[in-house]
Amino acid sequence: MSVLNGKKILLGVSGGIAAYKTASLVRLFIKAGAHVQVIMTPASKDFVTPLTLSTLSKNPVHSSFFNQDDEDAVWNNHVDLALWADLMLIAPATSNTLSKMTTGNSDNLLVATYLSAKCPVYFAPAMDLDMYKHPSVLSSFNALKSFGNIMIPAESGELASGLSGEGRMAEPENIIAFLEADLESKLPLKGKKILITAGPTYEAIDPVRFIGNHSSGKMGFDLANEAANLGAQVILVAGPTHYKAKNNLVEVIGVVSAQEMYDVCHEHFKDVDVAIAAAAVADYRPKVVATQKIKKAADEFSIELEKTKDILASLGAIKKNQFLIGFALETENEIENAKLKIQKKNLDLIVLNSLQDEGAGFKKETNKVTFINQDFKIEPMELKSKESVAVDILNKVVSHFVKL
């Protein structure tokens, strides 16, 4: 899966012959799973039509501050456009547009949006070879790079003038490759390997019945997807659940019982940098599993249970440099019980859930957690979506490695 998957990309098109390449560029962004909006300068519409880019991007194309044909004259808000984007790309970036970006001359929607952008901004110059080497253009390159913008260098080849040399806008495939490589190099968990558990375990009573719990697995899957988005190599050990990993870089290993989850975790733990135990593992299992379906014969029926192996405690006992995170779901004495788990299981961080909190617990889209670290620093969080909680947890992981 491309690192561009799910990214919101704002493509600015200025008025050069290379604008015709933006049709292929938009198509490649969409193929990579990105969401694209396009802003065109008035001059760029002489080289490629808004209809083409609108059709390919599946979004309206913006080119002026308001739509003149609209009776209500609705304003195209450049600030909203800029804040929407995860990254902005200006391609082709002509010498005229580069100069306006450098000086802040916002006489068109594209430059006004650029000046409002808080996301990373990339620019792909396109012009004739003598223009590309002119001191004023070189000055624009240097100024924009000093602003923190990232230049995608032009390529050499035949130019519109008939000359051959440096100045061609990079080919769409090469722009995509440049963006992917640059984004991947900046992922905070690149090179890290993370083990995550998710979902319930089912402990068999007989071939048809089991002991289980109400865990959906959503929290663990959200953690796995976010960790992969941040560049980590992720192994997700999942109990029975209907969820699927959204990021195909997540390796999912399906298990059913606590013993199966224990075995898989111990197989991989020695090779990981981080382990996050988000699964709701059964504490007990039937001591004897019937080989045939148990018939409903007696008025009363008893099952003798035995403890399952404590996966998290067993990992804590053998951990070396791994950053180990556990979850605690409590109904009373929440903080005290969570602190005891940190000590008993040798954890670096525990994520405390309380069933007393509205919107928290199993089969919910939201969660309200409290972070407690090994120094017993307590950090309560607001009620959030589970996706946002996953981001908060992974931010703790990122901070851990930054401090090392």
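**Exercise 1. Decide whether Asn 346 is buried, partly exposed or exposed, and find where Asn 346 lies.**

Solution. Start with the scale, on which buried means under 20% relative accessible area, exposed means over 50%, and partly exposed lies in between, with a 1.4 Å probe and protein chains only. Asn 346 has a relative accessible area of 37%, so it is partly exposed. Next comes its place, which is the loop between helix H12 (334-345) and strand E18 (349-354), where helices (H or I, at least four residues) and strands (E, at least two) are DSSP runs numbered from the N terminus. Most residues other than glycine have a negative phi, and most peptide bonds are trans.

The model is predicted, with local features needing pLDDT of at least 70 and side-chain atom pairs counting only at pLDDT 80 or more, while totals for chains, interfaces and linings use all residues. Residues are numbered from 1 along each chain as its sequence is written, and side-chain values use heavy atoms, with hydrogens and water left out.

**Exercise 2. Describe the backbone and the accessibility of Phe 376, and then the peptide bond from Ala 91 to Pro 92.**

Solution. Phe 376, which is not a glycine, has a positive phi of about 65 degrees, and it lies in the loop between strand E20 (369-373) and strand E21 (378-380). With 30% relative accessibility, Phe 376 counts as partly exposed. The bond from Ala 91 to Pro 92 is cis, with omega near -5 degrees, and Pro 92 belongs to strand E4 (residues 87-93).

**Exercise 3. Classify the loop residues Lys 21 and Glu 304 as buried or exposed, and list what each of them touches.**

Solution. Lys 21 sits in the loop between strand E1 (8-13) and helix H1 (22-31), and its relative accessible area of 6% makes it buried. If residues up to four places away in sequence are not counted, Lys 21 touches Arg 168, Met 169, Glu 171 and Pro 172, where contact means heavy atoms within 4.5 Å. Glu 304 sits in the loop between strand E15 (284-286) and strand E16 (305-307), and at 53% relative accessibility it counts as exposed. Leaving aside neighbours within four places in sequence, Glu 304 is in contact with Arg 285, Pro 286 and Lys 287. Glu 304 and Lys 287 are 17 residues apart in sequence, yet their C-alpha atoms are 5.7 Å apart in space.

**Exercise 4. Work out how helix H4 packs against helix H7.**

Solution. The axes, which are lines fitted to C-alpha atoms over the stretch in contact, with angles from 0 to 180 degrees between N-to-C directions, come within 9 Å for H4 (residues 95-103) and H7 (residues 135-146) and cross at roughly 45 degrees. That makes H4 oblique to H7, since angles under 35 degrees count as roughly parallel, over 145 as roughly antiparallel, 65 to 115 as roughly perpendicular and the rest as oblique. In the contact, Ser 95, Leu 98, Ser 99, Met 101 and Thr 102 of H4 meet Val 137, Ser 140, Phe 141, Ala 143 and Leu 144 of H7.
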